Amino acid sequence: MVARVTTVAFQGIEAVPVDVQVQITAGNPVFAVVGLPDKTVGESRERIRAALFAAGLALPQRRITVNLAPADLPKEGSHYDLPIALAILAAIGAMPGDQLLDYVALGELSLDGTIAAVAGVLPAAVAAAALDKGLICPADSGSEAAWASPDLAIVAGRSLVQLANHFKGTQVVARPTPKIREAVAGLPDLRDVKGQETAKRALEIAAAGGHHLLMVGPPGSGKSMLAARLPSILPPLEPRELLEVSMIASIAGELADGKLSDRRPFRSPHHSASMAALVGGGLRARPGEVSLAHNGVLFLDELPEFVPQVLDSLRQPLESGEVVIARANHRVSYPARIQLIAAMNPCRCGHAGTPGFVCRRGRRCADEYQARLSGPLLDRIDLRIEVAAVSAQDLILPPPTEGSAEVAARVARARLVQRRRFAALGLDGVRTNADMPAALVEEVARPDAAGADLLAAAATAMRLSARAYHRVLKVARTLADLDDRPTVGRIHLAEALGARGADPLSQAA
Amino acid sequence: MTRRDASERRRAEAHGLAAETWAAWALRLKAHAILERRFRCPAGEIDLIARRGRTLVFVEVKARATPEAALDAVTARSRARILAAADVWVARHPRWADCDRRFDVVLVVPGRWPIHRRDAFRGDDLDLPFAARR
């Protein structure tokens, strides 16, 4: 007889159903796992043996063959312990096999028979709902699974014995409830930043339209401080975005306590980050920082200090909104629609362009430092601003009256205008001006006559690339949205062109 | 392993036989029916083959001065030979083909009752990393 339990294998944030088949036949007692298991899956035999022993059971003294079908799909991770153990229990009659057919199971077993939390429970729960089955998962991951669907039957057990009793009907495991992480009070507020009104305005535009932003300025001018305050003016995640963000966090094992948060992710990797850390990869093709920042902000401080190849690997995700990782036996894609915020010094000594300061190495100092950034990457950044050093007078001023709450309200209003516009056009995936396809820009962001003249003149004078041209229009559209104007005017274009800067780096230097 | 001359080997053989007799009686007292002693085939040897209910029990008997030394003497190589020989024996006795199979070790130590280790090893113990094998 063959006992079956369904589980999942992860490919990106997709959970592919995997059939665990267990056959127990006469023969020398051997416990064999086949179906391309990797080392962690092969080792599950020892954990299962110990967990069954802890539950007062022993493996039958017969040949046990476990097949993970489809057999040509590589199986990775520790979450196969529980489905294999359940299928064995069904095969030896310790659990009703027909009931288990209605569930998708995943979980890791400890030697004492308790079920340990695993990564990827949320995508598994979504897959289970799609298969019209219930979910058996670790107790610690239960609240995460509960988000998938209110009708999904979830059995989140602490141990094998508890699960066996639940299915026998002697003990009922209650359905877990979805938990949300409380909004973190005391996010850094924009009010803490004195002066820097231009930079604050740029931050507001970036937040409103989802535009990429580069801040260039001497050390101590508040670039990192400004970036850290961006989350406080971004609108909360919409339900669909929340699910996408949480699925990636779940695969990466970063959902603490199975609680979801509606704050936009803000990732700030150190500049020593490798390509695999940033775009994803490694042995299991895991999501990188750019995917973990999906629907949120990726902040790269000290931009030129990053390895140039690593930075250029961001070009494709910035354009397409997803990362495709191709490996010998995988082809995985993760969503990566991010807002890139970068900060850098104008040169190695950090003060090029500051009045009254001359680099010891002259112009070369700034030129060499800035040459580490590739043109194509810079071309993708809509807003490039200079953040000047803060003067002592600015610090003496009373704190600004306007804080994050007021800015956040304006940003939320502008985002609402955008969402309504793209919904009216029937564009499902587009939520911000920065995301809108080039074909649509001409239609949505058509400037008035005065604006068109200005743009034509600027395009020649500033030698704008085709992409830059469109990006200026997108930023102008965002500015018009902030003003709540239906058409893009000359004033909006002028500000957009100013915020882009001719070539911010040479200008800064 | 040191070389042993003929008389020494004969003495060891007699010692082993006596140990198997002790082990067989110990098993009989635990409701095992002894089916065969000293089964030999090209694949390997089995000291005792017994049956208890629907379970066939293949027993390796080891006589040493201490239980630890006796257990150490059951090497990965000898376990593999016992597993292979068990397949041969069952193939020759199809009547028992559908039974469970258990592999036990009985340690015979001077001055005490034979120590019976039930379910001492299984087929998949063999693919442990090499260093863990004995």
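## Sheets, a helix face and a contact

In chain B, strand β2 (residues 44-52) is joined by five bridges to strand β3 (residues 55-63), and the two run antiparallel. Helices (H or I, at least four residues) and strands (E, at least two) are DSSP runs numbered from the N terminus, and strands count as paired if DSSP finds at least two bridges between them. Across this pairing, B:Leu48 stands opposite B:Val59 of β3(B).

A word on the model: it is predicted, so to speak, with local features needing pLDDT of at least 70 and side-chain atom pairs counting only at pLDDT 80 or more, while totals for chains, interfaces and linings use all residues. Residues are numbered from 1 along each chain as its sequence is written, with chains lettered from A and ligands numbered from 1 in the order in which they are written.

Back to chain B: five strands make an open, mixed sheet in the order β1-β2-β3-β4-β5. Strands β1 (33-41) and β5 (115-117) of chain B sit at the edges with a single partner each, so one side of each has no neighbour in the sheet. On average, neighbouring strands here are turned by 30° against each other, direction ignored. Axes are lines fitted to C-alpha atoms (for helices, over the stretch in contact), and angles run from 0 to 180 degrees between N-to-C directions.

| Helix of chain B | Strands of chain B touched | Angle |
|---|---|---|
| α3 | β1, β2, β3 and β4 | about 60° with β2(B) |

The chains also touch each other: 12 residues come from chain B and 10 residues from chain A. On the chain B side, α3 (76-92) and β4 (100-108) are the elements giving two or more residues.

Over in chain A, strand β1 (residues 2-11) is mostly covered, with seven of its 10 residues buried; buried means 20 or more other C-beta atoms within 10 Å of the residue's own, with C-beta atoms placed from the backbone. This strand runs antiparallel to β2 (residues 14-25) of chain A, joined by 10 bridges, and A:Arg4 stands opposite A:Gln21. Their hairpin has two residues between the strands, and A:Gly12 takes a positive phi near 65°.

Helix α21 (residues 490-500) of chain A has buried residues including A:His492, A:Leu493 and A:Ala496. The buried residues of α21(A) pack against α7 (197-209), β20 (383-386), α19 (449-461) and α20 (466-483) of chain A.

Notes
Two residues are in contact if their C-beta atoms, placed from the backbone, lie within 7 Å. A residue is buried if 20 or more other C-beta atoms lie within 10 Å of its own, exposed if 12 or fewer, and partly exposed in between; C-beta atoms are placed from the backbone.
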